[in-house]
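The following note sets out points for discussion on the model shown below. Each point may be checked against the coordinates.

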Amino acid sequence: MKLLVFLIAIVLILPVASQGQQVDSELDQVGAEVAAGDFDKAIAALNEIIKKHPDQARAYLLRSNLRMGTDIAGAFADINKAIQLKPAMGEAYYQRATLRYVSNDVAGALKDLDQSIASDFKTSVVYSFRGQLRYQQGDTKGALGDLDESIKINANDPRVYASRGAVLLSLNEFERAYTDLNYLLNWYETEPNKRLAATYPAPGDKELVPAIASSYLNRGVINSSRGNSDAAINDFTKSIRLDAKNGKAYSLRANELVATGDLEAALADVSRAIQLDPLNPTLRVEHGGILTLLGNTEDAQLDFDMVLKADPAVWQKRIDERIEALRKLAGSRQEQ
């Protein structure tokens, strides 16, 4: 339902094309019903408008929007009719892209977003949505171009900075990524944005909070790359507070805790990561490596035995390399 409310807002702020004063007035009334939260009454009114004026594309567009939460097939039928009646209506392609996305048709959603932009519906949210989907499909450079364009159009949307920061990090553009992540996280840490973030929907997204959690994690990675373990631990901790089921955050924090010499806390984090991903052999190696540093070689060997069953030669080499790396990491703070 949160996604639906956002999309309704997008449609309602669009100018209504000239369709006669009567239809304009009736659509304005529908808008008032939607604003009041009475979706059933709004759909009933649209049914009457469409019955009397079956050639009004915007009525189908709005009814499709309202049906998204409960009747996907009906929503598709309406948006396809709107496009049939008015093939150049860019917002209709954007809306159909959201329908295709929630129906797991990413390729179709991308095609509709292309058509939306080609039809001159060049809004920040369209470029942002296409950028996210391109990134999911592995088109990193295309995603970055779209997200850059989105921010040119609207430089104040925190969601887009979360997306672009992740893309830049994947391209190893750490400085630009850090700037974007700081923008988003500074926004989030300013009241009342924490409350707003908990209910901030977007096309293709769920809530803004998961993006915030991911952004803390990503900024922690950058702080780690700079050798700033304390800042990295702080970011990973904030990420975990927002998403306690992200095993990667525990694993990354554990690595930084080793660097600070807090091996017991690092072991607890890796243990939690294993609970979340019990079949991950790399975590078992990490767990055993930390136990080795703590002098508990007996329990460490139990971890190692689990992975050595798969391929003894390959995994023994990885175990030896990881133990050596952990020893160096644990000694780095003393050297400083």
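Helices here are DSSP runs of H or I, at least four residues in length, numbered from the N terminus. By that definition Ala265 belongs to helix α16, which covers residues 263-276. The model is predicted, and the points below should be read accordingly.

1. Ala265. This residue of helix α16 counts as partly exposed, because its relative accessibility is 25%, and that class lies between under 20% for buried and over 50% for exposed.

2. Packing of α6 and α8. Two packed helices are described by the angle between their axes and the distance between the axes. For helix α6 (residues 90-102) and helix α8 (residues 124-136), the angle is about 30° and the axes are 11 Å apart. Their crossing is left-handed. On the α6 side the contact is made by Tyr94, Ala97, Thr98 and Tyr101, and on the α8 side by Val125, Val126, Phe129, Leu133 and Gln136. By class, these residues comprise seven nonpolar, two polar and no charged.

3. Aromatic pairs. How many aromatic pairs does the count give? The count comes to four, with ring centres required to lie within 6.5 Å. One of them joins Tyr101 and Phe129: the ring centres are 5.8 Å apart and the planes stand at 80°, so the pair is classed as edge-to-face. This pair links distant parts of the chain, since Tyr101 is in helix α6 and Phe129 is in helix α8, 28 residues apart. Phe129 has a relative accessible area of 1% and is therefore buried. A further edge-to-face pair is formed by Tyr188 and Tyr216, with ring centres 6.4 Å apart and planes at 75°. Tyr188 lies in helix α11 (residues 174-188) and Tyr216 in helix α13 (residues 208-225), so this pair ties together parts that are 28 residues apart in sequence. Tyr188 and Tyr216 are both buried.

4. Charges over rings. The charged end of Arg226 sits over the ring of Tyr178, at 4.0 Å from the ring centre. The charged end of Arg318 sits over the ring of Trp315, at 4.5 Å from the ring centre.

5. Packing of α9 and α10. Helix α9 (residues 140-153) and α10 have axes that come within 10 Å and cross at roughly 145°. The crossing of α9 and α10 is left-handed. From α9, the contact involves Thr140, Ala143, Leu144, Leu147, Asp148, Ser150 and Ile151; from α10, it involves Val160, Tyr161, Ser163, Arg164, Val167, Leu168 and Ser170. The contact of α9 with α10 divides into eight nonpolar, four polar and two charged residues.

6. Buried aspartates. Are Asp180 and Asp146 buried or exposed? Asp180, in helix α11, is buried because its relative accessible area is 3%, under the 20% limit. Residues up to four places away in sequence aside, Asp180 touches Tyr161, Arg164, Gly165 and Leu168. Asp146, placed in helix α9, has a relative accessible area of 4% and is therefore buried. With neighbours within four places in sequence left aside, Asp146 is in contact with Tyr127, Arg130, Gly131 and Arg134.

7. Backbone features in loops. The peptide bond from Glu191 to Pro192 is cis, with omega near 5°. Pro192 is placed in the loop between α11 and α12 (193-197). Which value does phi take at Asp120? Phi of Asp120 is near 75°, a positive value in a residue other than glycine. Asp120 lies in the loop between α7 (106-118) and α8, and is exposed, with a relative accessible area of 58%. Asn172 likewise is not a glycine, yet has a positive phi of about 65°. Asn172 is found in the loop between α10 (158-170) and α11; its relative accessible area is 58%, so Asn172 counts as exposed.

How values were computed: Residues numbered from 1 in each chain as written. Predicted model: local features only at pLDDT ≥ 70, side-chain atom pairs only at ≥ 80, totals over all residues. Heavy atoms only, no water. Axes fitted to C-alpha atoms, helices over the stretch in contact; angles between N-to-C directions. Helix = DSSP H or I, 4+ residues; strand = E, 2+ residues; numbered from the N terminus. Left-handed = near helix turned anticlockwise from the far one by under 90°. Contact = heavy atoms within 4.5 Å. Nonpolar A, V, L, I, M, F, W, Y, C, P; charged D, E, K, R; others polar. Phe/Tyr/Trp six-rings, centres within 6.5 Å; stacked < 30°, edge-to-face > 60°. Buried < 20%, exposed > 50% of the residue type's maximum accessible area, 1.4 Å probe, protein only. Lys NZ or Arg CZ within 6 Å of the ring centre and 35° of its normal.
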